[in-house]
There are 2 protein chains.
Amino acid sequence: MDTEKDNLDKLVTDIAKRAREASLSLATIDTAAKNQALHALADILEEHANALIVENKKDLAAAEALELAKPMIERLTFTPERISKMAEGVRQVAALEDPVGEVLESKTRPNGLVIDKIRVPIGVVGIIYESRPNVTVDCAVLCLKSGNAAILRGGKEAFHTNTALAGYITQALELSGLPTDAVQIIPTTDRWALNELLKLDQYIHCIIPRGGESLIRFVAENSRIPVIKHYTGVCSVYVDKDADAELAESVVINAKTQRVSVCNTIENLFVHKDAATTLLPKLAKALADKNVELRVDSTAGDILGDFDTEPASEDDFYEEYLDYIIAIKVVDSVRDAMNAINKYGSGHSDSIITTNEVTARQFFAGVDSATVYWNASTRFTDGFEFGLGAEIGISTDRLHARGPMGLNELCSYKYVITGDGQVK
Amino acid sequence: MDTEKDNLDKLVTDIAKRAREASLSLATIDTAAKNQALHALADILEEHANALIVENKKDLAAAEALELAKPMIERLTFTPERISKMAEGVRQVAALEDPVGEVLESKTRPNGLVIDKIRVPIGVVGIIYESRPNVTVDCAVLCLKSGNAAILRGGKEAFHTNTALAGYITQALELSGLPTDAVQIIPTTDRWALNELLKLDQYIHCIIPRGGESLIRFVAENSRIPVIKHYTGVCSVYVDKDADAELAESVVINAKTQRVSVCNTIENLFVHKDAATTLLPKLAKALADKNVELRVDSTAGDILGDFDTEPASEDDFYEEYLDYIIAIKVVDSVRDAMNAINKYGSGHSDSIITTNEVTARQFFAGVDSATVYWNASTRFTDGFEFGLGAEIGISTDRLHARGPMGLNELCSYKYVITGDGQVK
C-alpha cells in the first residue's frame, strides 16, 4: 500500500517537475512555433479520427456497463463530426492573437528607470475536470497558446479517450519542435495522486477545476496551489417597478429556459412589489407555458392564486436547480433585490430589467457579482460572447480573474526595468 | 478546552461576517467619504500620540521582560516623530487617486451589448503580520481607500499598541459615518483563532501575510482563502561579459550593502567567465571593503586566490542571508546565469549588468522573476519606487499581483453590461 502511494507521489512529482522545466522554455517560444504545433494537432486529430473513435468506444462500453446516465454518455461520445469540430476549434485558437509579450504599462520614473509591465504566461497550469474529453484538447491548446505548460487530470469515464488525445498532442509538440512536457496528462485517476498533485506549489502555479460542485470543493479544500473556480451559478433576474413588460418577459424566459443545465441560467426571479400585480401573472404564465415549476414566496403566492405553484422555502433561493424550476420572491425595493441577490446568489451573473437608468446604475454598483446586466439575459456570460475568442472557464473568485476567462486570464505579468546604473 | 475553541471560532466568524457586511456598503461609498475618514484618523493619531505611547510602553516592557532581540524592540517602538510620520502617511494615502470605479475596458459587441470592465474592491482582505505596529495603520488605510473591509491580525509583541490603534481607527470611521466594521482587529493572538480565520472563505476573499518565512508558510499551508505573498527574497546580480566595470561595481555594492536586511537585497552574484578574471577581483575587493563575507564556487575561488573567501556549498545559493554575506559563482553564458537564477532564486528581483542589448533582452525574457533589471540595482523593487504611491506588500506569486502591490492590486474587477433586451 505505502509503496503504491510512494509510486503515485513520485509519478505526479516527476510530471510537475518536467512541466516546470517545459514552462521555462515555453515562455520564450515565438508565436509562429506555437501556432505550428496547434495546426499540426488539428491535422493529426482529423487524420486519426477513426482511431480516436475506437478508443472512445472503450470508454462508452465501460460507461454503459456502469449504467451511467444518458446525458453523461452523450457528453462522452466522439463522432467524426465532433472530432472535426474539435480540430476546427484548435485552428481557431491558432488564429487568436498571442497574449504573451504585450506591454501592459510603461513609465519612466524621475530617476530615469524605465519600468515596463509585460504580459507573460502564468507558468504551469493544472486543469482538473470531468467526463467531456474535448476539454482535454480545449485546455491543452489554450494553455499552449498562452505559453503555459499544462497538466491535465481528466475523469475516469474518459480515460481511454483522454490517453489517446494526449498521445496526439505529444506528436504535435514533437513535430513542431516544442517540449513534449508542455502538455502532460496524469495517467491515473486515483484520488491520492490528485491530492498529492494539489500540494506541489513549488512547480505548479494555478489550478483550474471544471466540473460538478463536489469535485471543485474537493480541489479548493485540498489545494495549496491557487485555484480559480466557480462552484455554482445561482443567477437571478430582478424585474424593477419601471420594467418594460415585454422586455421583462422575453429576458426572463430566455434566461431561465433557453438551456436549463448551464451555470449562467437563472434560478431566482425577484419582482418589485409595484410591478408584481401586473407583471408577475404574465411572467408566471410564460414560465408555466415552458413547463417551469414555480416556487413562490407568500406574497407572490397570493398574487398568483390561480396558478399551480409550490411554496418556496428559504433554502430554495440558495439552490442551483439546473432544471425547469424557478424560485420567485416579491421585494419592496431595488435595495431589497440587491440584498437578496448578494445573499442567495453565487456572484456569477445577475440582471435588472428597468427603464430607469438611476436604478440600473444602483444595481450595477450594489450587486456584488462577476457580471451584472441591465436589460439583457444572463445567458451571455461566456468567453465567446464577451469577445475573448475562447474560454478556459468562468471565475466567481475576486483575485486574478473574475467572470469568463480567455487567453489573457491565463497570463501573469512581470516588470522589466531598464536603467543606466541607477542605485538607491 | 472545547468551549474555549468554540468561543474563538464564534469570535472570528462574527468578525468575518461583519466585515463581509461592511464590505458591501464600502464598495459603493464615494471617494470624499473615504478620504474624510482618513484625514480624521490622521488627526486622531496626532492628538492621541501620548496615549498611544503609554500603550506602546506596555508592549515594550513585555518585550524587554522576554528579552526580545534589540532590532525587534526597535521596530516595536513608537516615538512622537514616528506617530507624526504615520499620520503623514495616512494623509498621503488620502491624496492618492481612488482606484475604484475606473473603466478598465469597454466594448460594444455585434449584438449591441455594451460590456464595461470596472475596477471594484476585492471585498474583505485579511492581513496577518508581525511586530511592527505601524503595519496596522498602513494596511487599514490602504484597504479603506480601495474600498475593502480589513481584518487585521497582528503579532502578540504589539498587542497593546495594535488594540489602541484599532480603537482610534474605529473612532475615525464613526466620525465619518463609515461602517465601523470596515476595519476590525482580531482581539487575540491565539493560533487556533488564526487557523479558523483562514478557513472562512465564504466571507474573506484574500489573505496577505507579512513577516517572517515561517509565519507566511503557516498561512499559505493552512489557508483555504487565496493568499498573496512572497516567502523570501533570494535576489541576484549577473555581471555579463559585456559589463561596464564601474557600473557593475556600483550596482553590486548597492544591491548587496545598502540595506542587508530587506527582501530586495541580493544574496547571489553570478559572473560570466570571460569577465571573471578582470572584474571579479575588483568586485570582491569592493565587497570585502564593506565587510561582506564571500562564499565562492571553485572557479571563483581560484580567481580570488589572495582573498579571504569561504567555499560555497550548493545550499548557499538557495539561502536568504539578510546579512553581510554573498554567494558567488562563475557561469559560462547568460543562459547558465538565467538557469542558475531560475533554480536558486525566489523569483523576486534580479539584475543583469551588460552593455549588450541583445543579451539584456534575452535576460528579460528568460529570467522568471517578478521584476527583472538591466543595469540597475534590485533595491528599487518597492511600491513607492514604482510610483504606486503606496505598498501593501510584494508578491512573487503569479496570480492576481506580481511584484510590488499598491491600491490597484487591492482591487478586483467586475463586468457591467448594458443591453436593450438582448436574449440568446
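Modeller: The model is predicted. An open sheet of 10 strands has mixed pairing and runs in the order 1(A)-2(A)-16(A)-13(B)-12(B)-7(B)-8(B)-11(B)-9(B)-10(B).

Biologist: What makes strand 1 of chain A and strand 10 of chain B stand at the edges?

Modeller: Strand 1 (103–108) of chain A and strand 10 (309–311) of chain B each have a single partner strand, so one side of each lacks a neighbour in the sheet. From one strand to the next, the twist averages 25°.

Biologist: How do you know that strand 7 of chain B is joined to strand 8 of chain B?

Modeller: Pairing requires at least two bridges. Five bridges join strand 7 (residues 235–239) to strand 8 (residues 266–272) of chain B, and these strands run parallel; they therefore meet the criterion for pairing. Within strand 8 of chain B, Phe270(B) is the bridge partner of Tyr238(B).

Biologist: Why is strand 3 of chain A called largely enclosed?

Modeller: Buried means under 20% relative accessible area. Six of the six residues of strand 3 (residues 124–129) of chain A are buried, so the rest of the structure largely encloses this strand. Val124(A), Gly126(A) and Ile128(A) lie on one side, with Val125(A), Ile127(A) and Tyr129(A) on the other, and both faces are covered.

Biologist: What is called right-handed between strand 3 and strand 4 of chain A?

Modeller: The β-α-β crossover is right-handed, the chain passing from strand 3 through helix 6 (residues 134–145) to strand 4 of chain A.

Terms used
Residues numbered from 1 in each chain as written. Chains lettered and ligands numbered in written order. Predicted model: local features only at pLDDT ≥ 70, side-chain atom pairs only at ≥ 80, totals over all residues. Heavy atoms only, no water. Buried < 20%, exposed > 50% of the residue type's maximum accessible area, 1.4 Å probe, protein only. Helix = DSSP H or I, 4+ residues; strand = E, 2+ residues; numbered from the N terminus. Right-handed = clockwise from strand over helix to strand, strands pointing away. Axes fitted to C-alpha atoms, helices over the stretch in contact; angles between N-to-C directions.
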